[in-house]
Amino acid sequence: MNTKLKKAFIGISLATLFLLGGCSQQKKNTADPVLTKSQVVQKAKKSFRSGQVIQSVTLGTDTSSQVALASTTFGGESTVYHITNQTTSKGKTRSSEEWVNLNNVYINGRDTWYKADLEKLTGHSYADLTDAIMNNRLIHNPSDTLVNAYKMKRNKKEKTYTLTANIKDKDLMKKAATPVFNTVAQSSNQAKVFKQIQKYGKYKNMTVKTVVRDNKLAGFNVFVNMKLGKMMTVKVGQSYGNFGNHDFLRVPTSATNAKPLPTTDNNSKKK
């Protein structure tokens, strides 16, 4: 290679390295654009296929409290729900485990699984459960009242946006609480009690928190505070997390092989 060609080659190589270095530096310094509140709301509205949610109704006085809680994992092609129910009263807690699909509720009876009609057993249907958890309107279709009430904080380091709101709009509070009241009941009798609370309770305020991380919904919770009579308070809650971790959830075979749940009628016929 003659001297002129050699110099030209070296010049081209250095120029290429300089350009590549410049591109690399430029790429390194490019920051994610800062989102507006409305953009964060839009990111949160994107549908999720799976996750976890805790729904609760807490009744309290100055001296005692009662809690009905449903901790639910949900997911799968045709959404199934794995629910751990807890009822706490006078310091004692009763727990139960169940799976719910389109057709049945499967109840863990310790050594034996039983199946039953969800609506007859609890007072709510699979459609009610899906409406409350998968189609939550506060997430997927928030009202202007909620969006306007949101205050936003950004954590640049964690690439997180947090929206918080304190609401006193009674219609919005009722819309938030009703799906929880309708689906956290663990028996038809408990469902009737919740209907009475909805009828006579007075809505006081509601707090909402939405977290968007890496342009995706990372967490959501809502708590509605009510007053029942002069002495009793009611707190209705719904908290989501772990989105996308249970996309392939299925009811286990041990549950689907369940026996029909014995009923009072069946027992009396045997006698």
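Predicted model: local features only at pLDDT ≥ 70, side-chain atom pairs only at ≥ 80, totals over all residues.
Residues are numbered from 1 along each chain as its sequence is written, and side-chain values use heavy atoms, with hydrogens and water left out.

Two terms to have at hand: helices (H or I, at least four residues) and strands (E, at least two) are DSSP runs numbered from the N terminus, and two strands pair if DSSP finds at least two bridges between them.

- Strand 1 (residues 51-60) pairs with strand 2 (residues 65-75) in the antiparallel sense over 10 bridges, and a hairpin of four residues joins strand 1 to strand 2.
- Within this pair, isoleucine 54 stands opposite serine 71 in strand 2.
- Strand 2 also runs antiparallel to strand 3 (residues 80-89), joined by 10 bridges; here phenylalanine 74 stands opposite tyrosine 81 in strand 3.
- The hairpin of strand 2 and strand 3 has four residues between them, and glycine 76 in the turn has a positive phi of about 100°.
- Strand 3 and strand 4 are antiparallel over nine bridges, with threonine 87 opposite arginine 94 in strand 4.

- Strand 5 (residues 105-109) and strand 6 (residues 112-116) run antiparallel and are joined by five bridges.
- Two residues lie between strand 5 and strand 6 in their hairpin, where arginine 110 in the turn has a positive phi of about 65°.
- Lysine 115 in strand 6 is the bridge partner of tyrosine 106, and lysine 115 also stands opposite proline 260 in strand 12.
- The pairing of strand 6 with strand 12 is parallel, over two bridges.

**The helix pair**

- Helix 7 (residues 170-183) packs against helix 8 (residues 188-200) at an angle of about 160°, with their axes 9 Å apart.
- That angle makes helix 7 roughly antiparallel to helix 8 (the label is for angles over 145 degrees).

**The largest pocket**

- The largest pocket holds about 300 Å³ of space; on a 1 Å grid over the protein atoms alone, a pocket is an open set of points with protein on both sides within 12 Å along at least five of seven lines, whereas a cavity is a set where a 1.4 Å probe fits but cannot get out, and lining residues have an atom within 4 Å of a point.
- It is lined by 21 residues, of which Asn85, Ser96, Glu98, Leu121 and Gln186 are the closest to its centre.
- Strand 2, strand 3, strand 4 (92-100) and helix 3 (118-122) each give two or more residues to this lining, and strand 4 gives the most, with four.
- By class, the pocket lining has eight nonpolar, 11 polar and two charged residues.

**The largest cavity**

- There is one cavity of 30 Å³ or more, and the largest cavity has a volume of about 60 Å³.
- Its lining residues are Val41, Ala44, Leu138, Ile139, Pro142, Tyr150, Leu163, Thr210 and Phe220.
- Helix 2 (37-45) and helix 5 (137-140) each supply at least two residues of the cavity lining.
- The cavity lining has eight nonpolar, one polar and no charged residues.

How values were computed. Points joined across faces, edges and corners; volume = space filled by probe spheres on them. Nonpolar A, V, L, I, M, F, W, Y, C, P; charged D, E, K, R; others polar. Axes fitted to C-alpha atoms, helices over the stretch in contact; angles between N-to-C directions. Parallel < 35°, antiparallel > 145°, perpendicular 65-115°, else oblique.
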